[in-house]
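Please look over the chain shown here before reading on.

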Amino acid sequence: MDWSEIESWPLADTSRQITGPVHRWHVQEAGEGPVVLLLHGAGGSTHSFRDLIPIFAAGFKVVAVDLPGHGFTRLGARQRSSLPAMADDIAALCRQEGWAPLVIIGHSAGGAVALQMARGTGQHVIGLNAALGEFPGLAGLIFPLMAKALAAMPFATTLFSSASSSPERVRTLIQSTGSRLDDKGYALYRRLVGDKTHVDGTLQMMAQWDLRGLLDNLPAHEGRVDLIVGTEDNTVPPKVSHAVAARMADTHVHALQGLGHLAHEEAPEQVAGLILDLLER
């Protein structure tokens with residue numbers, strides 16, 4: 001996304017660009033107090049938290065970050081889109097800016113990034129429909145290879161953006177996750193899918209995505225983890241979070257009835273209320 005478009009983005013008054021480490025970051029900051037760090041999922045951006053940020057900002061300093069190559073964050077190194085690299089670079093950004101998160105809240109793939117960041121730190125992690133499962137069987141082999149091939153094709157991002165950004169296709173894609181958004185929500189995702197730089201960043205992340213190291217380390221993870229799941233999530237089924245929780249010491253699953261993969265966009269007040277209750281505990 002081009003920075004000239006930032007004024008029309010949700011919560012643009014909280015946005016700023018930060019140079020380094022590695023990338024040129026887009027962050028949104030609001031409120032004062034203990035730091036709550038928000039990480040969106042693959043293909044998303046800070047817009048995903050547009051209704052949560054004002055709620056949390058009443059009692060916390062909220063920091064939402066566009067992942068490398070996503071939204072308005074410019075990739076500084078294309079090979080830094082793997083899970084460990086993203087976690088390291090966001091942790092370095094936090095140190096640079098003096099943010100010491102009380103909790104890291106990650107949606108979908110952002111949940112995996114949050115857990116990777118929290119390894120060995122004891123930080124509280126809250127996952128929203130966290131993507132913590134590998135694709136099974138043959139899909140686990142084919143999907144990463146497809147992503148690598150697409151990421152290497154010069155015109156792949158343009159073709160993908162053109163083919164996928166029609167209003168009908170974006171609505172169908174979102175609804176296939178089990179979520180229903182308002183017209184503004186669909187329009188924001190259409191802008192993202194229609195932007196070839198954002199699509200390229202998403203493909204780079206998919207091509208380098210590998211959860212094996214994180215998943216192998218789950219039994220040794222230190223610190224509290226809360227996994228919030230939408231019962232209608234068709235992208236990351238609730239059973240993924242239950243399987244993860246069974247392997248970890250201080251991990252708890254909380255179900256949101258009738259909500260899908262984008263539960264925090266469907267019912268932000270309900271999700272925020274649950275998260276605030278967890279933080280009070």
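Which residue of E6 is the bridge partner of Gly-106? The partner is Gly-127, and this pair belongs to the five bridges that join strand E5 (residues 101-107) to strand E6 (residues 124-128), two strands that run parallel.

The model is predicted, so that local features are given only where pLDDT is at least 70 and side-chain atom pairs only at pLDDT 80 or more, while totals for chains, interfaces and linings use all residues. Residues are numbered from 1 along each chain as its sequence is written, and side-chain values use heavy atoms, with hydrogens and water left out.

## The sheet

The secondary structure of the protein chain comes to twelve helices and eight strands, where helices (H or I, at least four residues) and strands (E, at least two) are DSSP runs numbered from the N terminus. Eight strands form an open sheet with mixed pairing, in the order E1-E2-E4-E3-E5-E6-E7-E8; two strands pair if DSSP finds at least two bridges between them. E1 and strand E8 (251-256) stand at the edges with a single partner strand each, so one side of each is left without a neighbour in the sheet. On average, neighbouring strands of this sheet are turned by 20° against each other, direction ignored.

Strand E3 (35-39) has five of its five residues buried, so it is largely enclosed by the rest of the structure; buried means under 20% relative accessible area, exposed over 50%, and partly exposed in between, with a 1.4 Å probe and protein chains only. In a regular strand the side chains alternate between the two faces of the sheet. Both faces of E3 are covered, with Val-35, Leu-37 and Leu-39 buried on one side and Val-36 and Leu-38 buried on the other. E3 is joined to E4 by five bridges, in parallel, and Val-35 stands opposite Lys-61 in E4. E3 also pairs with E5 in the parallel sense over five bridges, with Leu-38 opposite Ile-105 in E5.

## Helices

Helix H3 (residues 109-118) lies across E3, E5, E6 and strand E7 (225-230), running at about 150° to E5. Helix H12 (residues 268-280) lies across E5, E6, E7 and E8, at about 160° to E6. For these angles, axes are lines fitted to C-alpha atoms, for helices over the stretch in contact, and the values run from 0 to 180 degrees between N-to-C directions.

Helix H6 (residues 167-175) and helix H7 (residues 183-193) pack at an angle of about 105°, with their axes 9 Å apart. That makes H6 roughly perpendicular to H7, a term that covers 65 to 115 degrees. The contact (heavy atoms within 4.5 Å) is made by Pro-167, Val-170, Arg-171, Ile-174 and Gln-175 of H6 and by Asp-183, Tyr-186, Tyr-189 and Arg-190 of H7.

## An aromatic cluster

Trp-3, Trp-9 and Phe-72 form one aromatic cluster. Rings of Phe, Tyr and Trp (its six-membered ring) pair if their centres lie within 6.5 Å, and planes under 30 degrees apart count as stacked, over 60 as edge-to-face and the rest as tilted.

| Pair | Ring centres | Planes | Class |
|---|---|---|---|
| Trp-3 and Phe-72 | 5.9 Å | 90° | edge-to-face |
| Trp-9 and Phe-72 | 5.6 Å | 80° | edge-to-face |

Trp-9 lies in the segment before E1 and Phe-72 in the loop between E4 and H2, so their pair ties together parts that are 63 residues apart in sequence. Both Trp-9 and Phe-72 are buried, whereas Trp-3, at 28% relative accessibility, counts as partly exposed.

## Two single residues

Ser-81 has its place in the loop between E4 and H2 and is buried, with a relative accessible area of 0%. Not counting residues up to four places away in sequence, Ser-81 touches Leu-75, Met-86, Gln-204, Met-205 and Gln-208. The C-alpha atoms of Ser-81 and Gln-208 are separated by 6.3 Å, although these residues are 127 residues apart along the chain.

Thr-251 is found in strand E8 and is buried, with a relative accessible area of 11%. With residues up to four places away in sequence not counted, Thr-251 touches Val-225, Leu-227 and Ala-245.

Methods
Angles under 35 degrees count as roughly parallel, over 145 as roughly antiparallel, 65 to 115 as roughly perpendicular and the rest as oblique.
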